[in-house]
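Visitor: I'd like to walk through this model with you. Can we start after a look at it?

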Amino acid sequence: MLFNSLEYLLFLPLVFVLYWFVFKKTQSQNVLLLIASYVFYAAWDYRFLALIILSSGIDYLSGTKVYNAKDQRDKKRWLLVSVVMNLGALAAFKYFDFFISSWIDLMDTIGVRTNLEVLNIVFPVGISFYTFQTLSYTIDIYRGKMEPTKDWVAFFGFVSFFPQLVAGPIERAKDLLPQFNQTRAFDYNTAVDGLRQILWGMFKKVVVADNCAILVNEVFGHYEEAQPLQLLAGVCLFFIQVYGDFSGYSDIAIGSAKLFGFKLSLNFSTPFFSRSFGEFWRRWHITLNDWFRDYVYFPLGGNRKGRFRMYFNIVVVFGLCGFWHGAQWTFIFWGLANALLFVVERLLVRDKEETEITGVKLFHLGQLVRMIIVFLAVALTLVFFRAKDLDEALGYFGGMLNFSGQHSFDFSASTRHQAMILKLSLFIPAMVIGEWLSRGQDHPLQRMPKNRGFRYSIYIVLTLLCIEYLYGDVPFVYFQF
Amino acid sequence: MKTLILKSSLFIGLVVLALNIYKATLPYYWGNSELSRKMSGLSISEDVNLVYFGPSAVNREFIPSVFEEELDSGGISAFNLGVGAMYYPEQDYLVRNFIEDQDMRSGIQYVLLFAQMPRPLNKHVHSVRVKYCIDWHNMSSGVRYFYHKNNFEQVVNYIMGYIENTLCVGEVFEMLMWRAGNFEIDQDNLEAKGYSSFELETHKEEKFNKRHKKFVRKQDGDEYMKSIHRKSQGGKGTKVGSDDQVVIDDQQYIDRMARQKGIDFIGVYSPDFDFYLKLKGLNSIYLGDSEDYQAYLSIENRMDRRHLNEEGAVIHTQRLARKMDEFLSESGSGPAKGRKIRKEKDNKEPSQERTNGKKGKKEKRNKKQKKQRQKKRRQK
């Protein structure tokens with residue numbers, strides 16, 4: 001079930017009404033959320049429900065075992081069970097074909113024939129997200145940061161909580177799990193805020209991202225014939241598309257959770273206004289980056305073992321982060337390209353931890369130039385992210401440098417695309433201005449004008465735009481991960 | 001909590017209500033721009049008393065002028081309301097609304113409909129063209145039909161299509177822009193009374209030539225034509241399934257509506273409708289019998305797998321006119337009976353006229369059309 005579908009817009013109010021009017025006790029509300037989450041997931045592919053139940057069961061058990069283990073060796077053994085099972089499932093469903101095909105390619109290059117074949121395994125939606133979530137539970141227990149829960153309904157609900165099940169935010173057990181155990185009271189203001197965040201998320205997804213996708217698909221589909229500037233525009237649009245798509249998803253997820261009295265972590269914090277690559281990665285897909293920081297970067301030594309080791313650790317983390325996104329070389333290259341930008345920046349400029357941008361003036365020229373540089377550089381790395389393979393990515397970069405003047409494709413030539421460009425020239429600035437004005441807040445509609453007429457005008461315009469573009473058949477980009 | 005539910009429901013309800021009120025002010029064919037043009041043509045065409053709805057098989061293959069010439073029964077002035085990709089939910093909706101439309105139906109005596117089975121709503125389920133016509137009647141027919149076919153995906157598609165149409169999902173922009181749109185009919189199309197010849201669309205000549213060449217090269221229509229022929233030979237009288245009954249019910253429903261308004265509703269059945277004999281009490285023309293079949297299914301008369309070229313369309317329309325004559329003489333109804341428009345024809349035996357005059361008429365028509373094409377090219 002997609003968030004941007006009518007099914008979800010019927011499903012959400014139904015669960016909401018049952019949750020607050022029928023199932024009033026915390027325990028029964030948890031049962032309802034668990035059932036609703038499984039229905040939500042089964043609407044996709046009921047066969048993979050078994051996998052998520054199995055994964056939850058193993059971590060529930062191993063969490064308790066780790067906590068109750070008599071000695072460190074026992075603790076490690078049970079932690080290993082959890083890690084192997086989770087990463088094993090991920091490797092089997094997501095990476096098996098990649099390893100096999102890479103092995104076949106390697107053998108081919110050295111002239112050895114193999115009988116191996118790729119299995120074309122169906123990818124269970126959301127596996128990368130909920131696997132990381134459950135892993136954090138056992139690791140945190142192992143590290144003594146939290147105690148295991150005895151309430152299996154709460155734990156299974158935490159793993160499969162439908163607002164964030166398929167594409168995050170990746171929640172830590174210590175943050176989300178206690179919310180399942182505490183009594184949740186309905187708060188009108190929080191619920192209204194949740195609805196507003198859903199509306200804003202829908203706008204970003206169905207109005208901005210899905211319309212960008214049409215032009216992006218055209219440009220990437222004709223990259224060999226397109227003009228260099230159009231290729232640059234194409235990849236910038238792709239950046240906006242990915243942001244609108246994924247941050248829109250996160251907003252809908254966080255907003256939906258608010259309706260049930262849950263608080264999910266912030267996943268994006270106006271990343272377009274970052275003035276350094278370091279700042280960008282503190283604002284982009286925050287929960288994943290925090291996960292890699294806490295469970296990979298710090299255990300590798302972080303910045304405590306000297307400068308060279310720190311750069312090495314950064315490269316490893318970015319490489320893994322790329323690989324987490326997809327079982328393809330293009331994603332690994334995307335991660336490494338970002339690592340390069342990050343390391344070079346660290347070498348040249350000392351990162352000032354610029355996380356607060358509330359006071360920044362937009363027309364401060366120096367800041368603006370830095371924002372544009374960061375935007376363009378990150379956008380260029382996304383060529384790897386969007387390309388089908390490395391050949392396409394290199395061809396795309398080649399096209400951007402081809403000023404020979406022989407370009408048969410011009411996406412601005414068709415009237416349909418012109419209309420699309422016109423629409424986007426309204427929608428994208430609306431999104432960017434909204435986000436700029438609301439920097440420091442969860443979302444732009446959080447603090448609305450007091451004038452009722454103005455407030456409702458904004459609601460009506462956004463609702464009409466969402467109704468217009470709510471086709472329900474454009475999946476979220478991050479669902480493939 | 002109740003305040004939140006009340007406020008948000010009221011907000012969404014009012015927005016949707018406003019959209020539906022606005023939609024109600026648009027003509028019922030607003031979602032089909034090509035039909036909007038044809039309707040504007042029909043509204044300024046005098047003396048039309050027969051309209052023919054259907055997909056491209058009507059748009060490209062029914063020539064009103066040939067039909068009128070070929071009819072023994074005079075007094076019929078036809079208009080082609082066929083539009084490409086007008087499938088079952090849409091044409092059913094349009095015919096029902098047309099019969100209810102007092103302005104448009106005035107003077108119309110016959111409404112012909114190219115009967116089709118309900119189509120799965122897969123590929124373009126979210127497009128305006130597919131959704132705007134899914135009203136309650138169409139939704140329930142689609143659901144019943146696909147339920148009997150055990151195709152539950154389509155049951156869901158029809159229900160979702162109906163909900164999306166009611167909530168105006170994906171329709172807002174087109175609805176708002178409809179009034180700003182220019183839906184005047186093209187002069188050539190008006191003169192041809194709605195008929196759109198492939199040959200006259202010179203700006204698409206290259207595309208059509210490619211399609212025809214591909215068709216001739218692959219002969220991919222061959223198997224299709226054979227299957228139609230086989231159906232026409234042995235399909236009649238096949239048992240009516242529960243799914244077929246849905247289509248029959250709909251045809252009967254439209255027929256009842258038409259009778260109340262004093263209109264003869266006539267279903268035109270292709271060979272796919274092997275249950276047509278069961279359509280008791282309905283006016284129908286069946287095109288599946290094998291008379292002239294090979295003539296108009298032969299490759300030289302076809303544009304592509306599914307469409308006749310102009311030569312084929314002439315043969316097809318003449319055949320339809322003969323069937324219409326049969327229908328009129330069998331039913332003994334209609335103002336056309338005995339009223340001949342072309343007085344010079346009255347002195348001739350109809351069959352003699354058909355054999356003697358056909359070649360001459362055809363040549364004249366071909367010359368006229370050639371001239372039109374040349375004129376168009378020169379203008380370009």
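Visitor: Which helix of chain B is B:Pro64 found in?

Guide: B:Pro64 is in helix 4 (residues 64–70) of chain B. Helices here are DSSP runs of H or I with at least four residues, strands are runs of E with at least two, and both are numbered from the N terminus. This is a predicted model, in which local features need pLDDT of at least 70 and side-chain atom pairs count only at pLDDT 80 or more, while totals for chains, interfaces and linings use all residues. Residues are numbered from 1 along each chain as its sequence is written, with chains lettered from A and ligands numbered from 1 in the order in which they are written.

Visitor: Is B:Pro64 buried or exposed?

Guide: B:Pro64 counts as buried because it has 22 C-beta neighbours inside 10 Å. The cut-off for buried is 20 or more other C-beta atoms within 10 Å of the residue's own; 12 or fewer is exposed, in between is partly exposed, and C-beta atoms are placed from the backbone.

Visitor: What does B:Pro64 touch?

Guide: Not counting residues up to four places away in sequence, B:Pro64 touches B:Ala78, B:Phe79, B:Asn80, B:Lys193, B:Gly194 and B:Tyr195. A contact is a pair of C-beta atoms, placed from the backbone, within 7 Å.

Visitor: On to the sheet. What is the strand order in chain B?

Guide: The order is 2-1-3-4-5, an open sheet of 5 strands with parallel pairing. Strand 2 (78–82) and strand 5 each have a single partner strand, so one side of each has no neighbour in the sheet. The twist averages 20° from one strand to the next. Two strands pair if DSSP finds at least two bridges between them.

Visitor: How many bridges join strand 3 to strand 4 of chain B?

Guide: Strand 3 (residues 110–114) and strand 4 of chain B are joined by 5 bridges and run parallel. B:Leu112 has B:Ile266 in strand 4 as its bridge partner. B:Ile266 also stands opposite B:Asn283 in strand 5 of chain B, and strands 4 and 5 pair in the parallel sense over 4 bridges.

Visitor: Why is strand 4 of chain B largely enclosed?

Guide: Because 5 of the 6 residues of strand 4 (residues 264–269) of chain B are buried, the strand is largely enclosed by the rest of the structure.

Visitor: Which strands does helix 14 of chain B lie across?

Guide: Helix 14 (residues 242–260) of chain B lies across strand 3 and strand 4, at about 155° to strand 4. Helix 5 (residues 88–100) of chain B lies across strand 1 and strand 3, at about 175° to strand 3. Axes are lines fitted to C-alpha atoms, for helices over the stretch in contact, and angles run from 0 to 180 degrees between N-to-C directions.

Visitor: Switching to chain A. How many helices and strands?

Guide: Chain A has 17 helices and 0 strands. Of its 481 residues, 44% count as buried. Its C-alpha atoms fill a box of roughly 70 × 70 × 45 Å along the principal axes.

Visitor: And how many residues of each chain are in the contact between A and B?

Guide: Chain A gives 17 residues and chain B gives 16 residues. Helix 17 of chain A gives the most to the side of chain A that touches chain B, with 6 residues.

Terms used
Two residues are in contact if their C-beta atoms, placed from the backbone, lie within 7 Å.
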